[in-house]
Amino acid sequence: MSYMPVNGSLVGRVLASDLFTKNGILLLPQDTVITATHVHILQKQSIWEVEVQDVWTEGTGEDISSQLVEMTADASAVAVYVEALDKTREIFEQTFQDVKPRLEQFSEIFCNVAGHALKQKGLFRSLYFLEGADSYTYRHSLNVGILCSLIASLLKWDEDRVSFMGTAGFLHDLGKMRIPKEILLKPGKLSEEEFAIMRQHTVYGYEMIRAMEGSSEELALCALLHHERLDGTGYPQQRKGDDIPIECQVLAVADMFDAICSDRVYKDRTSPFEAAQHLWKEACNGTLNIEIVAQFVRYIALLYVGAKARLSTGEEVEVILINQDEPMRPLVRRSGEFLDLRLERKLTIEKMIG
């Protein structure tokens, strides 16, 4: 435990004990993750120093902002994404304090950033160049919402259904706010007992969304069932095939893709091409919907034409052409020569670099 001044450096730290006003009213409970809004409240109460836990937490969007600005010329789109990231942190963490935000409040945060990300392909593409696990939980929620909207559009679903999928993706991991931080942010492999606790986030999310003003059973089921698999190997109910709503099947694809493509506290990210290859393998093995995966991976592959990448050999290449028969193994250029990765089976695109 240590004491810290109440200023911007406090954001992202975790309170070590309950914090009271001078009149004895509980202001913030123990384990609250401090946001910029909390700092402002504490300063208004003339509280200038607090005790915090010595644990790793997910920080603000500042580092993410600087990375994105370097990768895309659209500074306004970056600002919208980073603002949504910090608002996501604040509203998700309100659930720690027995505050029950309305569905409308979540939708307001998500809709604005989704519109920018789907229109500004430069921003969307740059999300999978980001390095570092900082703010993963909140980034993952935003990104999966964006991906769900995208997939629903590719499937030619109507506007209302596309909007629903975006919200479902944004809220799918809300139940993780009830998972102990030492498990949620553990840098190593979870034990069987810890994984059993982690799996409960689907049930917690279902309960939290059902209790939310303006929500629906269908939306809550998306949180409950996004880890179900078509062959019955998922959780928490081991549903199979058509017993899993199609919306949850879309969510499963988006969730898996973003998790593979992002740095996390216990693993480095891999490239969208490797993630797409993994999705295709899962679809062929009967765990994911192959029609959803087929449309999605082709779109993702085309998105990265012209981008630079690093091969499994460590060499830098440029993605030149997407092969129609194997979109996950494109034609690339390496130091003036062209390599068709369909023919070079030992080579893979390990990471996107710019």
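**Notebook: cavities, loops and helices**

I started with the second largest cavity and noted a volume of about 40 Å³. The model I am reading is a predicted one. Phe273, Glu274, Met328, Arg329, Leu341, Thr348 and Ile349 form the lining of this second largest cavity. I sorted that lining by type and got four nonpolar residues, one polar and two charged.

Next I looked up how many cavities there are. The count is two, taking those of 30 Å³ or more. The largest cavity holds about 50 Å³ of space. I listed its lining as Glu228, Arg229, Leu230, Ile244, Cys248, Gln249, Ala252, Thr287, Leu288 and Asn289. Five residues of the lining of the largest cavity are nonpolar, three are polar and two are charged. As a reminder to myself, rolling a probe the size of a water molecule over the atoms shows where empty space is left.

**Whole chain**

I then went back to the overall figures. The protein chain contains 14 helices and nine strands. Of its 354 residues, 52% are buried.

**Helix 11**

I picked helix 11, residues 217-225, and asked which of its residues are buried. They are Leu219, Ala220, Cys222, Ala223, Leu224 and Leu225. What do the buried residues of helix 11 pack against? I found helix 4 (103-119), helix 7 (159-171), helix 10 (201-210) and helix 12.

**Serine 262**

Helix 12 (246-261) is followed up here through the loop between it and helix 13 (272-284), where serine 262 has its place. Is serine 262 buried or exposed? Its relative accessibility is 5%, so serine 262 counts as buried, the cut-off being under 20%. The side chain of serine 262 reaches the backbone oxygen of aspartate 258, at 2.8 Å.

**Isoleucine 292**

I moved to helix 14 (residues 290-303), which contains isoleucine 292. Isoleucine 292 counts as buried because its relative accessibility is 3%. I checked which residues isoleucine 292 touches, leaving out residues up to four places away in sequence. The list is Ile151, Leu155, Ile246, Gln249, Val250 and Val253. Isoleucine 151 is 141 residues from isoleucine 292 along the chain, yet their C-alpha atoms are separated by 7.5 Å. Gln249 is on the list of residues touched by isoleucine 292, and Gln249 is also part of the lining of the largest cavity.

**Glycine 175**

Glycine 175 sits in the loop between helix 7 and helix 8 (181-184). I looked up its relative accessible area and found 0%, so glycine 175 is buried. With neighbours within four places in sequence set aside, glycine 175 is in contact with His201, Tyr204, Gly205 and Met208.

**Histidine 38**

Histidine 38 belongs to helix 1 (residues 36-44). I count histidine 38 as buried because its relative accessibility is 8%. I also looked up leucine 27, eleven residues from histidine 38 along the chain; the two C-alpha atoms are separated by 9.6 Å.

**Backbone angles**

I went through the backbone last. Most residues other than glycine have a negative phi, and most peptide bonds are trans. I noted the following entries with that in mind.

Serine 46 has a positive phi of about 60 degrees and is not a glycine. Serine 46 lies in the loop between helix 1 and strand 4 (49-52). Its relative accessible area is 37%, so serine 46 is partly exposed.

Lysine 156 also goes in this entry, with a positive phi near 65 degrees in a residue other than glycine. Where is lysine 156 placed? I found it in the loop between helix 6 (136-154) and helix 7. Lysine 156 counts as exposed because its relative accessibility is 73%, and the cut-off is over 50%.

Which residues does a cis peptide bond join? It joins tyrosine 235 and proline 236, with omega at about 10 degrees. I placed proline 236 in the loop between helix 11 and helix 12.

Definitions and conventions
Residues are numbered from 1 along each chain as its sequence is written. This is a predicted model: local features need pLDDT of at least 70, side-chain atom pairs count only at pLDDT 80 or more; totals for chains, interfaces and linings use all residues. Side-chain values use heavy atoms; hydrogens and water are left out. Helices (H or I, at least four residues) and strands (E, at least two) are DSSP runs, numbered from the N terminus. Buried means under 20% relative accessible area, exposed over 50%, partly exposed in between (1.4 Å probe, protein chains only). On a 1 Å grid over the protein atoms alone, a cavity is a set of points where a 1.4 Å probe fits but cannot get out, and a pocket is an open set with protein on both sides within 12 Å along at least five of seven lines; lining residues have an atom within 4 Å of a point. Grid points are joined across faces, edges and corners, and a volume is the space filled by probe spheres set on the points. Ala, Val, Leu, Ile, Met, Phe, Trp, Tyr, Cys and Pro count as nonpolar, Asp, Glu, Lys and Arg as charged, and the others, Gly among them, as polar. A polar contact is a pair of N or O atoms within 3.5 Å; within protein, one must be able to donate a hydrogen and the other to accept it, and residues adjacent in sequence count only if both atoms are side-chain atoms. Contact means heavy atoms within 4.5 Å.
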